[in-house]
Amino acid sequence: MRLTTKGRYAVTAILDLAIHDDKGPISLAEISARQNISLSYLEQLFASLRRKGLVSSTRGPGGGYSLQGSADEISIADVITAVDEKLETMKCGGSGDCQNNSRCLTHDLWCDLSAQIHKFLSEISLGSLMDRNGVKDVAARQDEMIQSVLMQLSLIHISEPTRLLRRSRMPSSA
C-alpha cells in the first residue's frame, strides 16, 4: 500500500479543519496557509469530502468549511476513501487476477494486510488525533506563525501610506 499525497493532504487538511472547527466555518485559504497546501488542490479535495458528507460548506463573507458531524465520528479511513484513495496492498486490487489472470501465492497475505490497515485507520478518529499532545503542539505553533505573518502584513499596510505620504511631501530637486 502506498498512501499518496492526495490521501496525506486530505487527512492533514481535515484535521486542521477539525482543530479550528470551533471558530465557525474555516476558509480553505486559512488551511492552505497553515499547512502549505495549494489552494486549488484543497478545493479539489474538499469537493470530494463534501460529496461524501464529511464536511459542509458555507458561502459568502465569513464562509468556509465545517465538519459535518463530530470529529469523534470521522475516521481516518473515511477521509482517505472519500478522496478515492485505496487502502489496499494488493497489486490486483483484490480481484484475484494477480498472476496471469489467476490468484498469486501471496494474495491472501496482501488481502489480510489491507484489512489490517483499513481496520487500524478506521479505529482512529479525527477527535482522537486532535487529543494527541504532539498534534496540539504543532497546531499551536502553526497558529502562532500565521498570527505573526498577519501582524507583519498589517504593519506593512499601516506603514506604507505613511511612507508614501512622506515621499509626496519631499521637495523636488528640479
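Let me start with K52, which counts as exposed at 53% relative accessibility, where exposed means over 50% relative accessible area, buried means under 20%, and partly exposed lies in between, all with a 1.4 Å probe and protein chains only. K52 sits in the loop between α3 (39-51) and β1 (55-58), and for such names helices (H or I, at least four residues) and strands (E, at least two) are DSSP runs, numbered from the N terminus. Before I go on, please keep in mind that this is a predicted model, in which local features need pLDDT of at least 70 and side-chain atom pairs count only at pLDDT 80 or more, while totals for chains, interfaces and linings use all residues. Residues are numbered from 1 along each chain as its sequence is written, and side-chain values use heavy atoms, with hydrogens and water left out.

K52 also belongs to a positive surface patch, together with R50, R51 and R59. Patches are made of residues with over 30% relative accessible area and no salt bridge, with like charges joined within 9 Å and nonpolar side chains (Val, Leu, Ile, Met, Phe, Trp, Tyr) within 5 Å. Lys and Arg count as positive and Asp and Glu as negative, with His and the chain ends not counted, and the place of a charge is taken as NZ of Lys, CZ of Arg, CG of Asp or CD of Glu.

Now to the chain as a whole. Its secondary structure comes to seven helices and two strands, which follow the pattern α-α-α-β-β-α-α-α-α along the sequence. Of the 174 residues, 34% count as buried. If we take contacts, meaning heavy atoms within 4.5 Å, between residues at least 6 apart in sequence, 66% of them join residues at least 24 apart.

Next, the charged pairs. How many salt bridges does the count come to? The count comes to four, a salt bridge being a side-chain nitrogen of Lys or Arg within 4 Å of a carboxyl oxygen of Asp or Glu. In one of them the side chains of D16 and R34 meet at 2.8 Å, N to O; D16 lies in helix α1 (residues 5-20) and R34 in helix α2, so this pair ties together parts that are 18 residues apart in sequence. R34 also meets E30 in a salt bridge, at 3.8 Å from N to O, and these two residues both lie in helix α2, four residues apart, or about one turn of the helix. In general, an α-helix has 3.6 residues a turn, so residues three or four places apart point the same way. D16, E30 and R34 are thus linked in a network of salt bridges, in which R34 is buried, with a relative accessible area of 9%, whereas E30 is partly exposed, at 35%.

Staying with α2 (residues 28-35), its buried residues are L28, I31, S32, R34 and Q35, and the helix is followed by N36, whose phi is positive, near 55°.

Finally, two places further along. W110, in helix α5, counts as partly exposed at 35% relative accessibility, and its C-alpha atom is separated by 5.7 Å from that of T89, 21 residues apart along the chain. S125, in the loop between α5 (107-122) and α6 (126-130), counts as buried at 11% relative accessibility. Leaving aside neighbours within four places in sequence, S125 is in contact with A71, D72, I74 and S75.

Conventions:
Areas by Shrake-Rupley, 256 points an atom, 1.4 Å probe, with all protein chains shown as cover.
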